[in-house]
Amino acid sequence: MPTWILTLLLGMQGAAAQSVAPRHYPTFDTTDVVPFPFDDARLLDPRHRNAGGVWVTPNAQPGMRLPLFIYLHGLNRARIPRRWLHGSHWDMRTIVGPMVADGLVGPMAVAVPTTTGDSAQQERTIYPTFDVAGFVRAADEALAPQGFRIDPTRVIFSAHSASGCALRNGLFAGVGSPAAQTILDIDCCMNAGFARVLANAPPSQRVIVVYQDWMWRRGYNDFINTFLSLSARSPNPDARTLERWQMQGIDVHNDIVPIALRRWLPELVPP
């Protein structure tokens with residue numbers, strides 16, 4: 001089978017998992033996260049403000065035009081504002097920060113649009129009709145006072161879990177959008193319909209799908225067969241990647257996020 005349609009079977013047991021997962025999770029507060037408004041009326045509970053949050057890696061210097069990594073979280077039943085940039089174990093800074101310290105990634109901005117409203121409680125409604133270009137502009141404006149700008153030609157649009165489970169919402173708002181050069185699907189819903197949309201993305205748009213099959217049973221065979229078949233017929237098949245991580249544990253659905261980013265961000269944002 002050609003390498004560009006190969007489903008990678010990577011064992012993630014013991015020491016193998018440690019080779020790609022962060023070695024430590026520092027404790028953070030939220031003082032270095034820049035909050036900004038973005039579609040607050042639709043995305044947020046009325047008690048909350050500033051759906052956007054962006055953080056710049058410590059290796060960035062004012063005056064730089066930075067690649068932007070956007071991460072859409074899954075269901076937010078606890079309605080946590082700016083989740084995944086809110087100072088807990090599951091925080092983008094605890095994942096990307098050690099990669100910067102290890103010299104694995106170049107300067108970049110990491111942004112999380114959060115949703116805390118009623119739409120965040122169901123996979124059918126999370127991140128409704130998300131405006132990718134609008135979010136990139138909003139993050140750029142939020143960083144401008146610090147002397148940073150976003151490079152609009154280097155935007156990675158990523159989603160995890162339920163944010164990739166509705167064709168009108170979340171992840172799929174980025175598929176085909178000229179505002180996103182790379183789509184990174186991390187353990188989202190899987191069926192033939194989703195595979196068809198992802199594989200038929202514009203040839204210039206890179207699509208990477210990473211999943212595990214230990215937790216959350218999904219339509220793996222239909223997704224895999226459709227994605228690989230259509231990718232093989234794409235004008236740019238090298239821009240399509242499907243990876244299966246063989247994992248075990250009580251929370252591999254979340255554990256796959258740092259593993260996937262440790263695997264892909266050094267290639268997408270090299271030092």
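Analyst: In this predicted model, a disulfide joins Cys-165 to Cys-189, with an S to S distance of 2.0 Å. A disulfide is a covalent bond between the sulfur atoms of two cysteines.

User: Where in the chain do the two partners, Cys-165 and Cys-189, lie, and how many residues apart are they?

Analyst: Cys-165 is in the loop between strand E6 (149-160) and strand E7 (182-186). Cys-189 is in the loop between E7 and helix H5 (192-199). The pair thus links distant parts of the chain, and the separation is 24 residues.

User: Is the link of Cys-165 and Cys-189 right-handed or left-handed?

Analyst: The handedness is given with the angle about the S-S bond, which is 90 degrees for Cys-165 and Cys-189. Both of these cysteines are buried. The link of Cys-165 and Cys-189 is right-handed.

User: Which cysteine sulfur is nearest to that of Cys-188, and how far away is it?

Analyst: Cys-188 is buried, because its relative accessibility is 1% and the cut-off for buried is under 20%. A disulfide requires sulfur atoms within 2.5 Å, and Cys-188 is in no disulfide. The nearest cysteine sulfur belongs to Cys-165, at 6.1 Å.

User: How many aromatic pairs does the structure hold, and of what kind is the pair of Trp-84 and Trp-90?

Analyst: The structure holds 11 aromatic pairs. In one of them, Trp-84 and Trp-90 have 5.6 Å centre to centre and 35 degrees between the planes.

User: Are Trp-84 and Trp-90 buried or exposed?

Analyst: The relative accessible area of Trp-84 is 2%, and that of Trp-90 is 18%. Because buried means under 20%, Trp-84 is buried and Trp-90 is also buried.

User: What kind of pair do Tyr-127 and Phe-130 form?

Analyst: Tyr-127 and Phe-130 are both buried. The ring centres of Tyr-127 and Phe-130 are 5.9 Å apart and their planes stand at 85 degrees, so the pair is edge-to-face.

User: Over which rings do Arg-218 and Arg-263 lie?

Analyst: The charged end of Arg-218 is 4.4 Å from the centre of the ring over which it sits, that of Trp-216. Arg-263 is 4.0 Å from the ring centre of the residue whose face it covers, Trp-264. The rings are therefore, within the 6 Å limit, those of Trp-216 and Trp-264.

Conventions. Residues numbered from 1 in each chain as written. Predicted model: local features only at pLDDT ≥ 70, side-chain atom pairs only at ≥ 80, totals over all residues. Heavy atoms only, no water. Phe/Tyr/Trp six-rings, centres within 6.5 Å; stacked < 30°, edge-to-face > 60°. Buried < 20%, exposed > 50% of the residue type's maximum accessible area, 1.4 Å probe, protein only. Lys NZ or Arg CZ within 6 Å of the ring centre and 35° of its normal. Helix = DSSP H or I, 4+ residues; strand = E, 2+ residues; numbered from the N terminus.
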